[in-house]
Amino acid sequence: MHILRSGLVHSLRMRLRAQEWIRRHPEITEETIAAPIVVVGMMRSGTTLLQRLLAADDRFHCAYGWEVVEVAPKLDHRWSADEDPRIAISEKREATSRQLAPELFAIHPMYAREPEEEIVFLSDAFLSHVPESGAHLPAYRAWIDTQDFTPAYAYLHRMLQFLQWQKRRQGHSAQRWVLKSPAHLGYLDVLRAHFPDLHIVHMHRDPRETIPSGASLNATLHAMHSDHVDRDRVGAEWLARMGWTNDRAMATRAGWSDESARCTDVEFADAVVDPIAAVARVYDAIGVPLTARAEAAMRRWLDVRPREVARPSYTASDYGLSNGLIDERFAAYNSRFRSAAHTSRRT
């Protein structure tokens, strides 16, 4: 209960601070979020890899871990060349997470100084799937499926305006954003309504790999909030949620007359084998040159990136699932997005 309450209070604090900053500086609402690149895909499909490679190019903005944790600085904040005090706050949170929740950090690490996904802003909007990922909330699950997510994405847009305004005060001059969150996958229509000139990078991986991984993360989150975790229920709920999410994504994309120009599909295995080649496809799609400077920055990041610690071992059966059950639920997804060559790699 303490963890949940602390999260709610923090979200309210950030909302109130941001609201006051915007009241004092109404020009924040005039910031233009132009043609963002949005990386989506199921958890563990390579979204983080692609986002962080793209974010290594200083022509793009991204939201760093310390920015999503503490999006609104204190109201007496002084803009200067000194390091932002919020970085130290976020690094302390990172250290605490490593110490007190090592299993969670191993599954879903969040680094203060690395690009991070913006699902926190949807959570701060109090309209997201975050609560159901960490607790058994059947009534909330049923309610959230019927909700219009327009207010959540309007809040996301406003927070990106706020961050962009902050970055300009700190001397950053990038013109486009690199965004990333698996959460966007079920709401591509709402996302595009707020960012009409976006480009989607859709990552794909065998659901036999991604579904058990997501169930493992959710079971770990549930264990932080409850003395008893029904792993079979967690697995069934995650399978249902991801099936629902992918069905919506496919239906939305099928309705876009410019889908081929608006979306770049990248297979996880290809991105792992040759990440620079995968990124180059995105640059070709958006009509931006992949400069030698940008490629060098990406290769440096590949050399120095945080090395993930070993994840807890798990199998689909740990969560009441099987490969056959997963294949059946994602038959349409596999047929549309994953080639025979890739699906034949299964063992």
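Reader: What kind of contact do the side chains of Glu-132 and Arg-241 meet in?

Author: A salt bridge, with N and O at 2.8 Å. Keep in mind that this is a predicted model.

Reader: What makes that pair a salt bridge?

Author: The cut-off is a side-chain nitrogen of Lys or Arg within 4 Å of a carboxyl oxygen of Asp or Glu. Here the N to O value is 2.8 Å, so the pair of Glu-132 and Arg-241 passes.

Reader: Where do Glu-132 and Arg-241 lie along the chain?

Author: Glu-132 is in helix α7 (residues 130-134) and Arg-241 is in helix α12 (residues 231-254), so the bridge ties together parts 109 residues apart in sequence. There's a network here too: salt bridges with shared partners join Glu-132, Arg-141, Asp-145 and Arg-241.

Reader: Why is Glu-132 called buried? And what about Arg-241: buried or exposed?

Author: Buried means under 20% relative accessible area. Glu-132 has 6%, so it counts as buried. Arg-241 also comes out at 6%, so Arg-241 is buried as well.

Reader: How many salt bridges does a search of the whole structure find?

Author: It finds 27. One of them is between Arg-293 and Asp-58, whose closest N and O atoms are 2.5 Å apart. Arg-293 sits in helix α16 (residues 292-304) and Asp-58 in the loop between α2 (47-55) and β2, so this bridge ties together parts 235 residues apart in sequence.

Reader: Let's turn to rings. What makes Phe-149 and Tyr-187 a stacked pair?

Author: Ring centres have to lie within 6.5 Å, and planes under 30 degrees apart count as stacked. For Phe-149 and Tyr-187 the centres are 4.0 Å apart and the planes at 15°, so the pair is stacked. Phe-149 is in the loop between α8 (138-144) and α9 (150-169), while Tyr-187 is in the loop between β3 and α10 (188-194), 38 residues apart. Phe-149 is buried at 2% relative accessible area, and Tyr-187 is buried at 3%.

Reader: How many aromatic pairs are there, and why is the pair of Phe-60 and Tyr-283 called tilted?

Author: The count comes to 11 aromatic pairs. Phe-60 and Tyr-283 are 5.9 Å centre to centre with 40° between the planes. Under 30 degrees would be stacked and over 60 edge-to-face, so 40° leaves tilted. Phe-60 is in strand β2 and Tyr-283 in helix α15 (residues 275-286), so the pair ties together parts 223 residues apart in sequence. Elsewhere, ring pairs link Trp-21, Trp-79, Phe-162 and Trp-165 into a cluster.

Reader: Why is strand β3 described as largely enclosed by the rest of the structure?

Author: Because 5 of the 5 residues of β3 (residues 176-180) are buried. Arg-176, Val-178 and Lys-180 point one way, and Trp-177 and Leu-179 point the other.

Reader: What lines the second largest pocket?

Author: There are 31 lining residues, and the closest to the centre are Trp-66, Glu-67, Asp-84, Gln-170 and His-172. The lining divides into 12 nonpolar, 6 polar and 13 charged residues. Helix α4 gives the most, with 3 residues. The space inside is about 530 Å³.

Notes:
Residues numbered from 1 in each chain as written. Predicted model: local features only at pLDDT ≥ 70, side-chain atom pairs only at ≥ 80, totals over all residues. Heavy atoms only, no water. 1 Å grid on protein atoms, 1.4 Å probe; cavity = no way out; pocket = protein on both sides within 12 Å on 5 of 7 lines; lining within 4 Å. Points joined across faces, edges and corners; volume = space filled by probe spheres on them. Helix = DSSP H or I, 4+ residues; strand = E, 2+ residues; numbered from the N terminus. Nonpolar A, V, L, I, M, F, W, Y, C, P; charged D, E, K, R; others polar. Buried < 20%, exposed > 50% of the residue type's maximum accessible area, 1.4 Å probe, protein only. Phe/Tyr/Trp six-rings, centres within 6.5 Å; stacked < 30°, edge-to-face > 60°.
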